[in-house]
Structures are given as C-alpha cells and as structure tokens.
Amino acid sequence: MDQHIAESVGRPDLIRLDDRLVCLRFETMKVVSALAAVRHLLDTGAVRRGDTLLDSSSGIYAYALALACHRYGMRCHIVGSSTVDHTLRTQLAVLGATLEQMEPCDDLKLDQKRRVERIHEILAEHPEYHWMRQYHDDVHYLGYRAVAERIRRSAGAAPLTVVGGVGSGASTGALARYLRQDSPDVELVGVQPYGSVTFGAGHVSDPEIIIAGIGSSIPFANVDHALYDTLHWISFDAALAGSVDLLRRHAVFAGLSTGAGYLAARWERGRAPGRTVVFIAADTGHRYVDTVYARHREAGRIEDLVPQAVSGQSELALPWSRMQWDRSPGPGPAA
Ligand SMILES: Cc1ncc(COP(=O)(O)O)c(C=O)c1O
C-alpha cells in the first residue's frame with residue numbers, strides 16, 4: 001500500500017505496444033526523481049523538515065517538487081515560466097506551494113536566464129532556502145534506480161535500447177547508467193528539438209512552437225553526453241504526427257516529447273532486430289489538446305517520415321535528423 005499519492009502517481013506503467021516496442025508511461029515523470037532527491041537531502045542532513053525548497057520549472061518539475069514537499073513536510077517555492085498553466089497553478093496553490101510566474105517571453109534563452117536571475121535574487125533574500133538545481137544536481141538521478149530495476153525485471157533478457165527526450169538529462173541518463181550496471185549492452189538514444197544547444201543544434205530553428213520540457217538554450221550539468229549512443233532531432237510537425245499516431249494506433253494519450261520519442265523508438269527498432277526498445281512517455285496529452293491533438297487532421301503519416309542521417313551538426317535539417325553520437329563527451333562544435 002502506498003503511503004502517499006506521490007508514490008502512486010510517480011510509478012510508471014510498462015506497456016508492450018508491439019513486438020520489441022515498450023512504452024514506459026508516466027502520469028507525470030519527475031515525481032520519482034523529486035521524491036528520492038528530497039528523501040536523500042533529508043537523510044544526509046542537507047535540509048530539515050519545514051525548510052523551503054526552491055527551483056525554477058516550466059511545468060512538470062514544479063508539480064513533482066510540490067508533491068515531494070507535501071510528502072515530506074517541506075515548503076516549496078517555484079519560479080515558473082509562462083508554460084505553467086491554469087490547472088497546475090491551481091493545484092500548486094492548494095498544495096501550499098508558492099509560485100512566482102514570469103511574464104510571457106518568446107525568447108527561450110531570455111526566459112531561462114530571467115528565471116535563474118530571479119532564483120539568485122530570492123537566495124540573496126533567503127539564504128536559508130535550498131535551491132534544488134534540477135538541471136545540475138545529480139541527486140535527481142537517484143529516483144530512477146527503482147524504475148531501471150523494474151524495466152530489467154519486466155523486459156526480459158534481450159538487449160535494450162532506451163529512447164527519451166533530453167531536458168535536464170536526468171531520466172534518460174539515470175536509466176542508462178543504472179541499467180548498464182548489471183548488463184552493459186544498453187543503448188541510449190536521446191531526442192532533441194531543433195534549436196537546443198545541449199547537443200550542439202542551437203543554430204537550427206524550428207518555425208513551430210518548441211516541444212515543452214526537452215532541449216535547452218543553456219548548458220546543463222546533469223546531461224552526461226558520454227552516455228548517449230545516438231541522437232535524433234525532431235521537429236514540432238513530426239512530433240505532432242508521432243503523438244497522434246501513438247494515440248490512434250496504441251491508444252496512448254501523451255505529450256509531444258513522447259510523440260517525438262515514439263518516432264525515434266520505432267526507427268531504432270527497425271534498425272536493430274535483436275533489441276527491445278523502451279521509450280519514455282513523460283506526461284499525458286492533456287496539456288497538448290489545443291496545440292497538438294485538435295490538429296490531428298494535419299498530421300502526416302509516420303510511415304512517410306524518415307530521418308536524415310547526418311554525420312555532424314552542420315548537416316542538421318528539418319524535420320528529422322539522426323546522428324551517431326558514440327558516447328562522445330561534449331556537445332561538440334555547432335558548426
Ligand atoms: C514533457 C517532458 N518530456 C521530457 C522531459 C525531459 O526529462 P529530463 O529532464 O529527465 O531530461 C521533460 C522535462 O522537463 C518534460 O517536461
């Protein structure tokens with residue numbers, strides 16, 4: 001029996017969608033990560049019950065941290081971007097988390113920079129607050145150990161390929177790291193939006209809206225580049241087609257980063273007949289009803305989409321590019 005809703009809501013489902021294609025489906029992904037991070041901080045004496053935990057978030061981490069704070073009797077303060085919607089704002093308020101929402105800003109880099117500046121101002125006023133630093137502190141890896149064990153128990157003996165969008169890098173990085181500990185033959189495939197500097201694609205932009213939660217305009221220390229074998233860059237339109245197909249074909253209602261991951265996962269499964277491919281569904285489709293699902297008639301057939309194989313970031317092209325990363329240690333030059 002769970003002792004708190006955060007444990008139930010955080011636990012993912014493993015769904016076999018097709019031969020060698022498995023969906024790791026979260027209701028809301030970062031709850032397992034935030035719970036384990038807060039527990040670790042309490043256990044090691046870095047924070048005490050009643051302390052205030054602070055971070056910046058564009059959405060699902062805010063909810064995850066608020067639930068973890070509720071579970072462990074902590075206070076929670078969030079500097080949120082304009083993507084924090086009415087539903088989340090209302091829940092945060094009732095949960096007792098305080099939210100400062102930034103003015104809307106089209107420039108992602110500026111938006112991220114302003115949020116970090118605001119965090120520093122708050123810390124100057126309240127040096128007793130603990131800044132969680134979800135993008136930089138690898139305490140956020142810990143919660144995925146149990147998820148990796150569950151994948152290993154359920155997926156059988158076949159070699160695994162893990163596919164997921166890379167934001168902070170904690171979910172994909174942690175799953176690969178923990179899965180490789182007992183069985184090294186695990187491939188990791190990262191999914192990125194165009195325009196993200198994380199793997200050196202800051203110079204190519206997507207004319208449509210950005211995929212929430214993945215990619216970045218600033219470097220993150222939690223991304224361990226040397227864990228990734230392959231990278232896919234996927235446009236909004238292609239991710240939309242993936243999300244709509246995933247709902248139509250497999251009845252999984254998930255967000256845009258999942259649609260992008262699903263495309264990449266199907267591709268990787270086709271290339272490697274001996275491997276089972278597990279892709280991450282980080283959130284549900286509710287936040288994407290107007291921007292994605294209402295446009296389902298525009299969605300292209302995913303069978304018609306093929307990634308362009310590129311050997312360097314200077315060759316990247318919309319709508320979908322794939323590159324061998326070969327566990328290279330840094331983002332490399334965005335030539
Ligand atoms: C919808 C969505 N997908 C994927 C991710 C990426 O997860 P991670 O930060 O573990 O790399 C995020 C992170 O915010 C997200 O919000």
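Trainee: Which residue follows α3, and what is its phi?
Mentor: Gly73 follows α3, and its phi is positive, near 65°. Keep in mind that this is a predicted model.

Trainee: Okay, α3 itself. How many residues, and what span?
Mentor: α3 has 13 residues. From first C-alpha to last, α3 reaches 19 Å, close to the 18 Å expected at 1.5 Å a residue.

Trainee: Is α3 largely enclosed or open, and why?
Mentor: Largely enclosed by the rest of the structure, because 11 of its 13 residues are buried. Among them are Ile60, Tyr61, Leu65, Cys69 and Tyr72.

Trainee: What do those buried residues pack against?
Mentor: The buried residues of α3 pack against α1, α2, β3, β4 and α4.

Trainee: Now the largest nonpolar core. How many residues, and which have the most contacts inside it?
Mentor: The core has 99 residues. Val38, Leu65, Ala68, Cys69 and Val162 have the most contacts inside it. The largest share of this core, 11 residues, comes from α3.

Trainee: Take Val38. What is it in contact with, leaving aside neighbours within four places in sequence?
Mentor: Val38 is in contact with Leu53, Ala68, Cys69, Tyr72 and Met74.

Trainee: Switching to the ligand. How many residues surround it, and which are closest?
Mentor: 18 residues surround the ligand. Gly167, Ser168, Ser171, Gly213 and Ala282 are the closest.

Trainee: Which helices each supply at least two residues of the shell?
Mentor: α3 and α7 do. The largest share, 3 residues, comes from α7.

Trainee: Then tell me about α7. Which of its residues are buried?
Mentor: Ala170, Ser171, Thr172, Gly173, Ala174, Leu175, Ala176, Tyr178 and Leu179 are buried. Ser171 is also one of the residues closest to the ligand.

Trainee: And what do the buried residues of α7 pack against?
Mentor: They pack against α2, α6, β7, β8 and β10. As for span, α7 has 13 residues and reaches 19 Å from its first C-alpha to its last.

Trainee: On to sheets. What order do the strands take in the open sheet of 4?
Mentor: The order is β5-β4-β3-β6, with parallel pairing. β5 and β6 stand at the edges, each with a single partner strand, so one side of each is left without a neighbour in the sheet.

Trainee: How many bridges pair β4 with β5?
Mentor: β4 and β5 pair over 4 bridges, in the parallel sense. His77 stands opposite Thr98 in β5.

Trainee: What about β12? Which strands are joined to it?
Mentor: β9 is joined to β12 by 5 bridges, and the two run antiparallel. β11 is joined to β12 by 3 bridges, and that pair runs parallel.

Trainee: Which residues stand opposite each other there?
Mentor: Thr230 stands opposite Gln324 in β12. The bridge partner of Gln308 in β12 is Ser321.

Trainee: Is β12 largely enclosed, or open?
Mentor: 4 of the 5 residues of β12 are buried, so the strand is largely enclosed by the rest of the structure.

Trainee: Where is the cis peptide bond?
Mentor: It runs from Leu318 to Pro319, with omega near 0°. Pro319 lies in the loop between β11 and β12. Most peptide bonds are trans.

Trainee: Which residues other than glycine have a positive phi?
Mentor: Arg20 is one of them, with phi near 65°. Arg133 has a positive phi of about 50°.

Trainee: Where do they sit, and are they buried or exposed?
Mentor: Arg20 lies in the loop between β1 and β2. Arg20 is buried, because 21 other C-beta atoms lie within 10 Å. Arg133 is in the loop between β6 and α6. Arg133 is partly exposed, with 19 other C-beta atoms within 10 Å.

Trainee: Last pair. Tyr288: buried or exposed?
Mentor: Tyr288 is buried, with 24 other C-beta atoms within 10 Å. Its place is in the loop between β10 and β11. Not counting residues up to four places away in sequence, Tyr288 touches Ser243, Gly255, Leu256 and Tyr293.

Trainee: And Val94, buried or exposed?
Mentor: Val94 is exposed, with 8 other C-beta atoms within 10 Å. Its place is in helix α4.

Note on methods:
Residues are numbered from 1 along each chain as its sequence is written. This is a predicted model: local features need pLDDT of at least 70, side-chain atom pairs count only at pLDDT 80 or more; totals for chains, interfaces and linings use all residues. A residue is near a molecule or strand if its C-beta atom, placed from the backbone, lies within 6 Å of it. The expected span of a helix is 1.5 Å times one less than its number of residues. A residue is buried if 20 or more other C-beta atoms lie within 10 Å of its own, exposed if 12 or fewer, and partly exposed in between; C-beta atoms are placed from the backbone. Two residues are in contact if their C-beta atoms, placed from the backbone, lie within 7 Å. Two strands pair if DSSP finds at least two bridges between them. A nonpolar core is a set of buried Ala, Val, Leu, Ile, Met, Phe, Trp, Tyr and Cys residues joined through C-beta atoms within 7 Å.
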